[in-house]
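This report goes through a structure by topic, from helix packing to salt bridges and a metal site. The structure is shown first.

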Amino acid sequence: MNIHEYQAKQIFKEYGVPTPRGIVANTPDEAVKAAQELGGSIWVVKAQIHAGGRGLGGGVKLAKSTEEVRELASQIIGMNLVTHQTGPEGKLVQKVYIEEGVDIKDEFYLGVVLDRAKEMPVIMASTEGGMEIEKVAEETPEKIVKVAVDPAIGFQGFHGRELVFGLGITDKNEQKNFMKFAQKLFKVYMDKDAELIEINPLVRTGSGEFIALDAKMGFDDSALFRHPEIEEMRDISEEDPDEREAAQYGLSYVSLDGEIGCMVNGAGLAMGTMDTINYMGGTPANFLDVGGKATAETVAKGFEIILRNPNVKSIFVNIFGGIVRCDRIANGILEATKMVDVKVPVVVRLDGTNAAEAAEILKNANIENVIAATDLADGAKKAVAAAKGEL
Ligand code: ADP
Ligand code: MG
């Protein structure tokens with residue numbers, strides 16, 4: 001689960017991680033009130049959406065008077081903000097964050113992510129702040145300092161020194177400030193069961209302070225039950241409605257931009273199925289794991305959600321019957337074709353427990369559009385051909 005910048009900064013404040021003062025606003029009036037309350041003479045009006053690159057898309061603007069705050073807030077609230085992270089359809093801005101303007105001397109990048117290979121959180125820092133870190137990693141990887149922190153030991157002085165030396169911060173006072181910043185940020189990451197924290201840019205001010213100008217936080221969904229205060233920050237309007245509905249039925253669904261709908265049991269098999277589709281020259285339209293307790297109803301729901309995507313040209317059902325029996329899935333497919341109008345070809349590969357019974361059920365039902373496959377490769381090949389209209 002992700003949260004907004006203003007919410008992440010609220011958490012930072014609780015932990016003493018320096019951030020600019022700011023107030024969230026839902027209307028231009030509230031924005032003006034926020035600016036008056038903050039005081040000063042320069043404010044930044046920032047669109048609150050779950051995506052980065054807002055500045056380039058016109059969602060972060062500087063105001064030099066409260067009148068200008070009003071003007072910018074009325075432009076930004078209600079706008080459809082398109083950034084490289086939103087996709088071409090963009091995202092509707094419903095809130096802005098009004099923040100005091102900060103005197104920026106230079107911009108750094110600081111992040112904490114889970115490194116699955118090292119099995120540890122890794123602090124990543126770079127002098128190339130304000131740029132996309134993926135681009136820095138590709139073009140000038142030597143400009144990224146990575147420090148793995150064993151959670152059993154926690155953040156220590158040597159981790160901090162590795163960071164400041166790696167970044168070329170030489171002033172003693174600045175070194176101290178940066179190390180404290182990183183230490184507190186790491187504590188936020190651990191305490192809140194975050195999956196990712198990204199501060200881009202982390203700025204150094206004229207007086208040698210470090211301040212989080214931007215803030216992105218993502219959390220481990222499996223640990224949310226320990227953090228009702230984070231769960232409360234959930235903004236449903238930022239989430240994919242199909243993914244949410246699927247979750248209510250116990251289905252793990254992630255929409256993708258290909259043409260072949262996938263219905264598979266088990267996350268591993270689902271990944272393998274998507275790879276095989278790619279290998280055969282097709283592109284998956286979604287990831288869908290129906291789980292171990294698939295019923296006719298959940299299978300039908302799966303079809304319904306897959307088919308809502310207008311790009312879907314064929315569906316590949318790839319089930320290995322272990323806990324879930326193939327005959328049950330076959331009946332589910334029959335039910336589904338009665339409940340939803342399945343207009344695209346459906347390639348079905350059922351293997352494992354009761355596979356023979358399942359094949360019999362499907363054969364007897366003789367449903368138009370259903371194509372039987374013998375194994376994974378055969379199924380993927382047929383699904384690709386069907387999507388191209390070659391079957
Ligand atoms: P995004 O990454 O989505 O574009 P940021 O929060 O990083 O959004 O803001 C974009 C840019 O706007 C920053 O790189 C910085 O130059 C400027 N900026 C953002 N907040 C402030 C602020 N409070 N004071 C001064 N400049 C800011
Ligand atoms: Mg940013």
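## Packing of helices 6 and 7

In this predicted model, Gly157, Gly160, Arg161, Leu163, Val164, Phe165 and Leu167 of helix 6 are in contact with Gln175, Phe178, Met179 and Ala182 of helix 7. Helix 6 covers residues 157-167 and helix 7 covers residues 172-191. The crossing of helix 6 over helix 7 is right-handed.

## Leu167

Leu167 belongs to helix 6 and is among the residues of that helix that meet helix 7. Its relative accessible area is 7%. Buried means under 20%, so Leu167 is buried.

Which residues does Leu167 contact, leaving aside its neighbours within four places in sequence? They are Phe108, Ala125, Ser126, Thr127, Val145 and Phe178. Of these, Phe178 is in helix 7. Glu128 is 39 residues from Leu167 in sequence, and the C-alpha to C-alpha distance between Leu167 and Glu128 is 9.8 Å.

## Salt bridges

How many salt bridges does a search of the whole structure find? The search gives 30. Arg308 takes part in a salt bridge with Glu245, at 2.9 Å from N to O. Arg308 lies in helix 11 (residues 296-308) and Glu245 in helix 9 (residues 241-248), so this pair ties together parts that are 63 residues apart in sequence.

Arg308 also forms a salt bridge with Glu304, again with an N to O distance of 2.9 Å. Here both residues are in helix 11, and because they are 4 residues apart, about one helical turn separates them. Both side chains belong to partly exposed residues: Arg308 has a relative accessibility of 35%, and Glu304 has a relative accessible area of 28%. A network of salt bridges with shared partners joins Glu5, Lys9, Lys46, Arg54, Glu99 and Asp214.

Another salt bridge connects the side chains of Lys118 and Asp115, with 3.9 Å from N to O. The cut-off for a salt bridge is 4 Å, so the Lys118 and Asp115 pair falls within it. Lys118 is partly exposed, at 47% relative accessibility.

## Magnesium site

The magnesium ion (ligand 2) is coordinated by Asn200 through O and by Asp214 through OD, at distances of 2.1 to 2.2 Å. Asn200 is in strand 10 (residues 194-205), whereas Asp214 is in the loop between strand 11 (210-212) and strand 12 (216-219). The two residues are 14 apart and link distant parts of the chain.

Is Asn200 buried or exposed? It counts as buried, with a relative accessibility of 17%. Asp214, besides coordinating the magnesium ion, is one of the residues in the salt-bridge network that includes Glu5 and Lys9.

## The chain as a whole

The chain has 391 residues, of which 48% are buried. It contains 14 helices and 18 strands. Taken along the principal axes, the C-alpha atoms fill a box of roughly 80 × 50 × 40 Å.

Contacts between residues at least 6 apart in sequence were also sorted by separation: 68% of them join residues at least 24 apart.

Methods: Residues are numbered from 1 along each chain as its sequence is written. Chains are lettered from A and ligands numbered from 1 in the order in which they are written. This is a predicted model: local features need pLDDT of at least 70, side-chain atom pairs count only at pLDDT 80 or more; totals for chains, interfaces and linings use all residues. Side-chain values use heavy atoms; hydrogens and water are left out. Donors are N, O and S atoms within 2.8 Å of the metal (3.2 Å for Na, K and Ca); water is not among the atoms, so sites may look incomplete. Buried means under 20% relative accessible area, exposed over 50%, partly exposed in between (1.4 Å probe, protein chains only). Axes are lines fitted to C-alpha atoms, for helices over the stretch in contact, and angles run from 0 to 180 degrees between N-to-C directions. A crossing is left-handed if the near helix is turned anticlockwise from the far one by less than a right angle, and right-handed if clockwise. Contact means heavy atoms within 4.5 Å.
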